[in-house]
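Open the model in your viewer and keep the selection tool at hand.

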Amino acid sequence: MKLLFLNGPNLNLLGKREPGIYGKTTLAEIETTVCQRAGELGVAVDFRQSNSEGELVTWIQQAVGEFGAVVLNAGAYTHTSIALRDAISATGIPTVEIHLSNIHAREEFRHHSMIAAVCRGQICGFGPHSYVLGLEAALSLIKPAA
Ligand code: CA2
(Lines give C-alpha, C1' and ligand atoms only; values in the text may rest on other atoms or scores of the structure.)
Protein backbone atom coordinates (compact mmCIF):
# COMPACT_ATOMS: atom_id res chain seq x y z
CA MET A 1 0.00 0.00 0.00
CA LYS A 2 1.24 3.47 -0.81
CA LEU A 3 1.09 6.75 1.10
CA LEU A 4 0.38 10.10 -0.55
CA PHE A 5 2.17 13.20 0.74
CA LEU A 6 0.51 16.45 -0.32
CA ASN A 7 2.02 19.90 0.15
CA GLY A 8 0.11 23.11 -0.29
CA PRO A 9 0.91 26.64 -1.40
CA ASN A 10 4.38 28.16 -1.14
CA LEU A 11 5.94 25.03 0.34
CA ASN A 12 7.98 24.83 -2.88
CA LEU A 13 9.84 27.87 -1.48
CA LEU A 14 11.11 26.01 1.58
CA GLY A 15 14.82 26.54 2.15
CA LYS A 16 14.90 29.26 -0.48
CA ARG A 17 12.98 32.10 1.22
CA GLU A 18 12.43 33.13 4.86
CA PRO A 19 14.79 30.53 6.40
CA GLY A 20 14.28 32.26 9.78
CA ILE A 21 10.71 30.96 9.95
CA TYR A 22 10.76 27.67 8.06
CA GLY A 23 14.45 26.67 8.14
CA LYS A 24 16.98 25.92 5.44
CA THR A 25 15.79 22.48 4.40
CA THR A 26 14.21 22.36 0.96
CA LEU A 27 11.06 20.40 0.12
CA ALA A 28 13.18 18.16 -2.13
CA GLU A 29 15.43 17.36 0.84
CA ILE A 30 12.40 16.57 3.00
CA GLU A 31 11.11 14.29 0.23
CA THR A 32 14.45 12.46 0.16
CA THR A 33 14.37 11.92 3.94
CA VAL A 34 10.74 10.73 3.83
CA CYS A 35 11.48 8.30 0.99
CA GLN A 36 14.50 6.88 2.86
CA ARG A 37 12.44 6.28 6.00
CA ALA A 38 9.56 4.90 3.93
CA GLY A 39 12.01 2.44 2.34
CA GLU A 40 13.12 1.28 5.79
CA LEU A 41 9.48 0.81 6.78
CA GLY A 42 8.63 -1.00 3.56
CA VAL A 43 6.08 1.44 2.21
CA ALA A 44 6.00 3.38 -1.06
CA VAL A 45 5.46 7.13 -1.07
CA ASP A 46 4.26 9.60 -3.65
CA PHE A 47 5.25 13.18 -2.76
CA ARG A 48 3.55 16.17 -4.43
CA GLN A 49 3.20 19.94 -4.07
CA SER A 50 0.68 22.35 -5.55
CA ASN A 51 -0.16 26.00 -5.13
CA SER A 52 -3.68 25.25 -6.37
CA GLU A 53 -6.45 24.39 -3.92
CA GLY A 54 -8.39 22.66 -6.70
CA GLU A 55 -5.46 20.44 -7.65
CA LEU A 56 -5.06 19.37 -4.02
CA VAL A 57 -8.79 18.55 -3.87
CA THR A 58 -8.50 16.50 -7.08
CA TRP A 59 -5.49 14.58 -5.76
CA ILE A 60 -7.38 13.73 -2.54
CA GLN A 61 -10.34 12.48 -4.57
CA GLN A 62 -8.07 10.40 -6.83
CA ALA A 63 -6.18 8.93 -3.87
CA VAL A 64 -9.07 6.60 -3.02
CA GLY A 65 -8.19 3.05 -3.95
CA GLU A 66 -4.61 3.93 -4.87
CA PHE A 67 -3.28 5.14 -1.52
CA GLY A 68 -3.92 3.84 1.97
CA ALA A 69 -3.59 7.24 3.59
CA VAL A 70 -2.73 10.87 2.92
CA VAL A 71 -0.21 12.98 4.84
CA LEU A 72 -1.20 16.58 4.26
CA ASN A 73 0.62 19.84 4.87
CA ALA A 74 -2.05 22.10 3.42
CA GLY A 75 -0.02 25.26 4.09
CA ALA A 76 -2.18 28.36 4.40
CA TYR A 77 -5.20 26.44 3.03
CA THR A 78 -5.22 24.71 6.42
CA HIS A 79 -6.85 27.81 7.85
CA THR A 80 -9.26 28.60 5.03
CA SER A 81 -10.23 25.62 2.93
CA ILE A 82 -13.69 24.13 3.35
CA ALA A 83 -13.04 22.45 -0.03
CA LEU A 84 -10.11 20.44 1.36
CA ARG A 85 -12.11 19.58 4.47
CA ASP A 86 -15.01 18.37 2.32
CA ALA A 87 -12.70 16.31 0.08
CA ILE A 88 -11.15 14.53 3.09
CA SER A 89 -14.58 13.99 4.64
CA ALA A 90 -16.30 12.87 1.42
CA THR A 91 -13.60 10.38 0.41
CA GLY A 92 -13.09 9.09 3.93
CA ILE A 93 -9.42 8.53 3.16
CA PRO A 94 -7.39 8.43 6.42
CA THR A 95 -5.51 11.73 6.56
CA VAL A 96 -2.77 12.98 8.86
CA GLU A 97 -2.44 16.76 9.13
CA ILE A 98 1.16 17.94 9.46
CA HIS A 99 2.93 21.27 9.84
CA LEU A 100 6.54 22.31 10.13
CA SER A 101 5.77 25.02 12.66
CA ASN A 102 3.68 24.87 15.82
CA ILE A 103 0.62 26.63 14.42
CA HIS A 104 -0.82 26.99 17.95
CA ALA A 105 2.16 29.06 19.06
CA ARG A 106 1.93 31.47 16.12
CA GLU A 107 -0.51 34.18 15.02
CA GLU A 108 -4.13 33.75 16.17
CA PHE A 109 -5.34 33.15 12.60
CA ARG A 110 -3.15 30.04 12.39
CA HIS A 111 -4.61 28.49 15.53
CA HIS A 112 -7.70 27.20 13.77
CA SER A 113 -7.43 24.39 11.25
CA MET A 114 -10.37 23.87 8.89
CA ILE A 115 -9.22 20.30 8.28
CA ALA A 116 -8.31 19.13 11.80
CA ALA A 117 -11.76 17.72 12.62
CA VAL A 118 -11.77 15.46 9.55
CA CYS A 119 -8.14 14.34 9.91
CA ARG A 120 -7.15 11.37 12.04
CA GLY A 121 -4.62 13.49 13.90
CA GLN A 122 -2.35 16.50 13.75
CA ILE A 123 1.45 16.76 14.01
CA CYS A 124 3.01 20.20 14.18
CA GLY A 125 6.07 22.01 15.40
CA PHE A 126 8.86 19.54 14.66
CA GLY A 127 10.22 21.18 11.52
CA PRO A 128 11.07 18.70 8.73
CA HIS A 129 10.80 15.87 11.25
CA SER A 130 7.01 16.46 11.27
CA TYR A 131 7.03 14.73 7.88
CA VAL A 132 8.74 11.60 9.24
CA LEU A 133 6.35 11.55 12.19
CA GLY A 134 3.48 11.96 9.72
CA LEU A 135 4.77 9.00 7.73
CA GLU A 136 4.91 6.81 10.83
CA ALA A 137 1.45 7.96 11.98
CA ALA A 138 -0.09 7.29 8.57
CA LEU A 139 1.52 3.87 8.42
CA SER A 140 0.08 3.02 11.83
CA LEU A 141 -3.38 3.83 10.46
CA ILE A 142 -3.14 1.40 7.56
CA LYS A 143 -0.90 -1.24 9.15
CA PRO A 144 -1.82 -1.52 12.85
CA ALA A 145 0.85 -3.07 15.07
CA ALA A 146 0.39 -6.83 15.58
O1 CA2 B 1 4.09 25.20 9.48
C2 CA2 B 1 3.61 24.79 8.42
O3 CA2 B 1 3.98 23.75 7.87
C4 CA2 B 1 2.56 25.63 7.69
O5 CA2 B 1 1.63 24.73 7.08
C6 CA2 B 1 3.29 26.44 6.67
C7 CA2 B 1 2.38 27.41 5.91
C8 CA2 B 1 1.58 28.27 6.90
O9 CA2 B 1 0.65 29.07 6.20
C10 CA2 B 1 0.83 27.42 7.91
O11 CA2 B 1 0.17 28.28 8.82
C12 CA2 B 1 1.77 26.51 8.66
C13 CA2 B 1 3.20 28.35 5.04
C14 CA2 B 1 4.01 27.62 4.00
C15 CA2 B 1 4.80 28.65 3.26
O16 CA2 B 1 6.14 28.23 3.21
C17 CA2 B 1 7.08 29.15 2.91
C18 CA2 B 1 8.37 28.70 2.76
C19 CA2 B 1 9.37 29.59 2.51
C20 CA2 B 1 9.10 30.93 2.37
C21 CA2 B 1 7.81 31.40 2.51
C22 CA2 B 1 6.80 30.51 2.77
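A salt bridge here is a side-chain nitrogen of Lys or Arg within 4 Å of a carboxyl oxygen of Asp or Glu. This is a predicted model: local features need pLDDT of at least 70, side-chain atom pairs count only at pLDDT 80 or more, and totals for chains, interfaces and linings use all residues. Residues are numbered from 1 along each chain as its sequence is written, and side-chain values use heavy atoms, with hydrogens and water left out.

Select Glu66 and Lys2. They form a salt bridge, with the closest N and O atoms 3.0 Å apart. Glu66 lies in the loop between H3 and S3 and Lys2 in strand S1 (residues 2–7), so the pair ties together parts 64 residues apart in sequence. Helices (H or I, at least four residues) and strands (E, at least two) are DSSP runs, numbered from the N terminus.

Next, select Arg37 and Glu40. Their closest N and O atoms are 2.8 Å apart in a salt bridge. Both sit in helix H2 (residues 27–41), three residues apart, or about one helical turn.

Now go to helix H4 (residues 82–91). Which of its residues are buried? Leu84, Ala87 and Ile88 are; buried means under 20% relative accessible area (1.4 Å probe, protein chains only). Seen down the axis of H4, they fall within an arc of 95° (taken from the directions from the helix axis to the C-beta atoms), so they line one face of the helix.

Finish just after H4, at Gly92. Its phi is positive, about 75°.

Notes. Buried means under 20% relative accessible area, exposed over 50%, partly exposed in between (1.4 Å probe, protein chains only).
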